[in-house]
Amino acid sequence: MFSAVHKKSNNLSFENKTFSQMSAIQPDLNIKVMCNFCRNPVPNVIENFRDGDLICGDCGLVLGDRVVDTRSEWRTFSNSDSDGGADPTRVGATQDTLLGDGNTLESTTISRRDGGTGRGKDISRTHSKLSESKNANTLATHARTISSMAERIGLTKQVTDSAIQLFRLSQTNKQLKSKPAEWSMAACIYLACRQNSVSRTFKEICGLTNVPKKEIGKLYKILADQFNKDNKQAGNETQRAQVSPESFIGRFAGELELDNNVRAACIQVGKRVFDKDILAGRSTISLVASVIYFVVCLSETPKSAIEVAKISGCTESTLKTSYKILYQHREMLVEGIKTAKGMEALPAV
C-alpha cells in the first residue's frame with residue numbers, strides 16, 4: 001500500500017536502517033516508513049480511514065489519499081427497520097444452532113478494544129458477570145470439552161454435534177442434571193456413536209473419560225429413554241440404530257495387522273453368525289472377538305486368545321465362551337470360504 005502511495009504523491013520515502021542490501025528472496029524487515037518532509041527518525045504516520053488519507057502526525061503533510069480501510073465493517077446497510085435494522089450479510093459469523101439462539105445476551109461477545117477510552121473493558125467486565133450469573137459459559141465450555149474428547153478418538157463432526165445436542169437435552173433431565181458433567185458427557189458421546197452407527201465400545205469411552213462403565217451404562221439408558229420420549233412427543237418415530245459387526249471387525253483386524261483375505265473371511269463369518277443368531281443375547285464385542293479368533297486360527301498367522309481379547313476389549317473367558325458356540329457350527333460357518341488351514345487347526349473345546 002505504501003509503495004503505491006509513494007508513486008502517486010512522492011511525499012513518502014523509504015529509508016533502510018542498516019543500509020544492507022535487500023535480499024532477492026525475502027523482504028528486508030529493517031525498512032521503515034517516514035515522512036519525506038520532516039524525516040523524523042521515529043516516524044508518526046497516521047491512517048485516517050474516515051477521510052481515506054495517510055497523514056504525517058508531526059508536520060501534518062498528507063502523504064497519500066484514497067487509503068483502503070481493511071478493518072471490520074460495523075455499519076448497517078439495511079433499507080428498513082422491519083428486521084431490527086440488521087443486515088444479515090454484515091452481522092459476523094453464522095448462528096450456532098448447537099449452543100442456542102445467537103441473538104441472546106449469553107451468546108454475545110463484547111470486545112475490549114475501544115480505541116483507548118477504557119469503556120469497552122468496563123462493558124466487557126459487566127457483561128461477563130451477567131453471563132456467569134446465568135451460567136451462559138457452562139454449555140460452551142462443555143461443548144468444547146466434548147469436541148476435544150471426540151477428536152481424540154477420531155469421531156466425525158456429525159457425531160460430535162450429536163453428542164453436544166444430547167448434552168443439551170441431558171440438562172433438562174433431573175436425573176442427569178444431578179450427575180457430574182463428565183458422566184453425562186461420556187453417556188452422550190456413546191449414545192451419539194450408537195445413533196450414527198459408529199463403532200465405539202464402552203471400554204473406549206471409559207478410557208477416554210475416566211468414568212466407570214457401570215455409570216455410563218446407567219446414564220446411557222436414561223438419556224436414550226429421554227431422547228425417544230421427546231421424539232415421540234414431537235411426532236418423530238426413531239429406531240435405535242445398531243452398530244454392525246463389520247465396522248468392529250474392520251477396526252480390530254487393522255489393529256491386529258491381519259491381511260485383507262483374513263479380514264474378508266472374518267466379515268463373512270461374522271455376517272453368518274449375526275444373521276443366524278448363533279450368539280443371540282451376547283454383546284456385539286463378544287461376537288466380533290470370537291469370530292476373529294475363530295478365523296485367525298485357520299489362517300497362516302494365528303493369534304492367541306489373549307491378543308484378540310485385549311484388542312477387542314473383552315475378557316479371555318468371555319471370548320472362549322462365545323468361541324465354544326461357534327465351534328459347534330464350524331462346518332456351516334466356513335462353508336465356501338477359502339482358509340489356509342483345515343478344521344483340525346481349530347482349538348478343541
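His-142 counts as buried, because its relative accessibility is 19% and buried means under 20% relative accessible area, with exposed over 50% and partly exposed in between (1.4 Å probe, protein chains only). You'll find His-142 in helix H3, residues 136–152. Helices here are DSSP runs of H or I with at least four residues, strands are runs of E with at least two, and both are numbered from the N terminus. Leaving aside neighbours within four places in sequence, His-142 is in contact with Phe-167, Ala-181 and Met-185, where contact means heavy atoms within 4.5 Å.

A quick word on what you're looking at: this is a predicted model, in which local features need pLDDT of at least 70 and side-chain atom pairs count only at pLDDT 80 or more, while totals for chains, interfaces and linings use all residues. Residues are numbered from 1 along each chain as its sequence is written, and side-chain values use heavy atoms, with hydrogens and water left out.

Now for the nonpolar cores. A nonpolar core is a set of buried Ala, Val, Leu, Ile, Met, Phe, Trp, Tyr and Cys residues joined through side-chain atoms within 4.5 Å. The largest one has 37 residues, and Val-269, Phe-294, Leu-319 and Leu-326 are among those with the most contacts inside it. Helices H9 (245–255), H10 (260–275), H11 (284–296), H12 (305–312) and H13 (316–328) are the elements that give it two or more residues each. H11 gives the most, with 10 residues. A second, separate core of 32 residues includes Ile-153, Leu-176, Cys-188 and Cys-206.

Let's follow Leu-326 into H13. Setting aside neighbours within four places in sequence, Leu-326 is in contact with residues including Val-273, Ile-278, Phe-294 and Leu-333. H13 itself has 13 residues and reaches 19 Å from its first C-alpha to its last, close to the 18 Å expected at 1.5 Å a residue (the expected span is 1.5 Å times one less than the number of residues).

Which residues of H13 are buried? They are Leu-319, Ser-322, Tyr-323, Leu-326 and Tyr-327. These residues cover an arc of only 150° around the axis, so they sit on the same side of H13; the arc is that of the directions from the helix axis to the C-beta atoms. An α-helix has 3.6 residues a turn, so residues three or four places apart point the same way. Over on the other side of H13, Ser-317 and Gln-328 are exposed. The buried residues of H13 pack against H10, H11, H12 and helix H14 (330–333).

Next, the rings. Rings of Phe, Tyr and Trp (its six-membered ring) pair if their centres lie within 6.5 Å; planes under 30 degrees apart count as stacked, over 60 as edge-to-face and the rest as tilted. By this rule there are seven aromatic pairs. One of them joins Phe-248 and Phe-252, a tilted pair at 5.8 Å centre to centre with 35° between the planes. Because they are four residues apart in helix H9, Phe-248 and Phe-252 are separated by about one helical turn.

Tyr-323 and Tyr-327 have ring centres 6.1 Å apart and planes at 45°, so this pair is tilted. Ring pairs also link Tyr-293, Phe-294, Tyr-323 and Tyr-327 into a cluster. Finally, the charged end of Arg-330 sits over the ring of Tyr-327, 4.1 Å from its centre. That label applies if NZ of Lys or CZ of Arg is within 6 Å of the ring centre and within 35 degrees of the ring normal.
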